[in-house]
Amino acid sequence: MTKTYTLRLNYTLLLAALTLWLQPATAQQTNTAATIAKLDAYYQKALTDWDVPGMAIAIVKDDSVIFAKGYGVLNNKTGGKVDANTIFGIASNSKAYTAAALATLVDAGKINWDDKVKDHLPYLKLYSPYVTENLTIEDLLSHRVGFKTFGGDLLWYNTTYSRDEIVRRMQYLEPSYGFRDGYGYSNLMFITAGEVMEPLTNKSWEGYIEDTFLKPLGMDRTFTSVTELEGVPNVASPHGSDANGKPVATKFTPWDNWNPAAGIFTSVNQQAQWVRLHLNRGTYKGKQIFSEEASRHMWQAHNPIPVSKAAKEFMPNTHFVAAGLGWFVSDYEGRKQVYHGGGHEGMNSRTVLVPEENLGIIVFTNSMTGIMTPLANYTMDQFLGVQNGRDWSQQALDNMAKAKQAEAKAKADQPKEKKKRKTKPTLDLQAYTGTYHSQLYGNAIVTIKNGKLDLQLEPAPALGGTLNHWQHDIFDLDWKNDFALLTPTRARFLIGEDGTISQLRLDADNPDFHFDELKFERVK
């Protein structure tokens with residue numbers, strides 16, 4: 001064979017191979033462009049259907065950000081266009097940062113996942129000596145300590161308590177199931193995890209997150225505290241709801257004591273870099289930040305979560321759900337799904353990873369609706385090639401409408417609450433005044449202002465209000481601040497054996513905060 005013929009043959013083979021390679025690539029590019037166009041239209045329609053002021057969405061595929069766009073407005077009163085660089089509060093999506101930060105310490109040999117927390121925080125004390133002595137780092141991150149979902153969250157909500165003080169007060173929080181024998185989503189355990197980190201790193205949680213992740217990933221518009229947002233442009237406003245369910249713009253409240261659980265503010269463009277790091281098993285642009293072993297450990301099923309009958313009917317292809325470390329894991333259309341949501345006061349968000357497909361989806365909103373999961377699911381369906389996939393957004397809206405109708409019917413069928421014709425409280429108003437103490441929470445102060453009882457929760461200066469008599473020794477609490485997470489609440493005074501007021505209880509049908517945990521005893 002001559003040299004000329006060899007070169008010509010090799011060139012021909014190369015051209016044939018190149019042609020075969022280019023054809024599917026071009027087809028793939030066309031298919032991806034069509035998918036993105038379809039998704040873009042779907043997102044825009046959903047924004048209107050759900051009456052969401054604004055949102056931003058990013059998609060990561062094969063280590064590239066293939067889509068990033070904003071929709072709607074920053075504030076439904078003052079306007080401002082949302083884009084892919086708009087800053088949102090991502091709330092509990094921050095938990096993955098705390099778990100990954102601990103993973104770097106495991107990699108460095110400073111801790112082990114099964115370390116006893118007591119060895120790092122000697123002052124730790126929980127509801128049981130056994131739990132106190134055996135609580136591990138893994139337990140902190142997998143929602144299996146014994147507290148019910150959102151247990152103790154009033155310790156951080158608008159209070160002046162430091163993280164250290166919150167951890168110390170947890171000893172008075174009662175369990176609702178056995179240690180490592182159930183599931184209860186716990187922000188307090190992630191606050192505790194942040195406290196574990198600080199003596200090991202000689203840095204605050206905020207400082208370690210910035211140095212370990214934000215700087216190496218170029219996340220220069222990501223913030224670890226709401227206090228850092230002053231003067232920052234292009235920040236979305238949170239939105240609560242009015243009596244008719246319409247969005248109402250509110251303001252952020254500085255809750256730095258919850259930061260290791262939910263304190264990060266960022267954009268979808270910035271969060272996409274975080275997603276790239278995780279999809280690459282701890283490596284970003286060739287630099288290893290945490291090990292592949294740590295990645296796999298965080299994505300293991302550490303605490304199984306029961307799949308209810310209703311959930312199974314809604315998602316028949318889901319066979320398991322579990323808490324990982326800073327993430328949740330489940331199956332979706334035969335793939336492993338790694339995900340987390342975030343609920344700030346006035347903002348909801350979701351981050352989803354499909355490792356087998358090198359796919360990541362980020363949805364940030366400045367509303368308190370549930371739009372994120374339907375949009376993430378619809379997006380996954382498009383990339384997984386699900387045939388005859390569901391219209392997740394419309395289905396969710398239909399289910400919500402049916403639930404509201406059922407609720408309205410049930411309410412109509414119930415006998416109306418009748419106020420007993422009693423023009424006065426049981427006792428003179430002065431008899432209800434005084435200081436009421438909760439071991440878990442601290443003091444509640446009841447005074448008389450302008451002829452009415454006034455309640456102030458001492459650890460939380462923003463929480464309190466006027467008590468308007470309802471009946472007997474029960475008063476409606478008119479909160480002085482209209483925070484989006486607060487719901488109608490009543491103050492109920494209990495009379496002791498001596499005929500005087502001895503206890504105070506706050507009753508609220510609140511999905512986020514358990515006011516019944518605050519068992520106030522009158523001390524003076």
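Let's start with a term: a residue is buried under 20% relative accessible area, exposed over 50%, and partly exposed in between (1.4 Å probe, protein chains only). By that rule D63, at 34% relative accessibility, counts as partly exposed. This is a predicted model, where local features need pLDDT of at least 70, side-chain atom pairs count only at pLDDT 80 or more, and totals for chains, interfaces and linings use all residues. Residues are numbered from 1 along each chain as its sequence is written, and side-chain values use heavy atoms, leaving out hydrogens and water.

**Salt bridges**
- There are 20 salt bridges in the structure (a side-chain nitrogen of Lys or Arg within 4 Å of a carboxyl oxygen of Asp or Glu).
- D63 pairs up with R276, their closest N and O atoms being 3.0 Å apart.
- R276, at 12% relative accessibility, counts as buried.
- R180 and D139 also meet in a salt bridge, at 2.8 Å from N to O.
- D139 is buried, with a relative accessible area of 0%, while R180 is partly exposed at 39%.
- Both R180 and D139 belong to a salt-bridge network that links them with E138 and R144.
- Another bridge joins D516 to K148, with 3.6 Å between the closest N and O atoms.

**Nonpolar core**
- The largest nonpolar core has 118 residues (buried Ala, Val, Leu, Ile, Met, Phe, Trp, Tyr and Cys residues joined through side-chain atoms within 4.5 Å).
- Y157, F213, W274 and F493 touch the most other members of this core.
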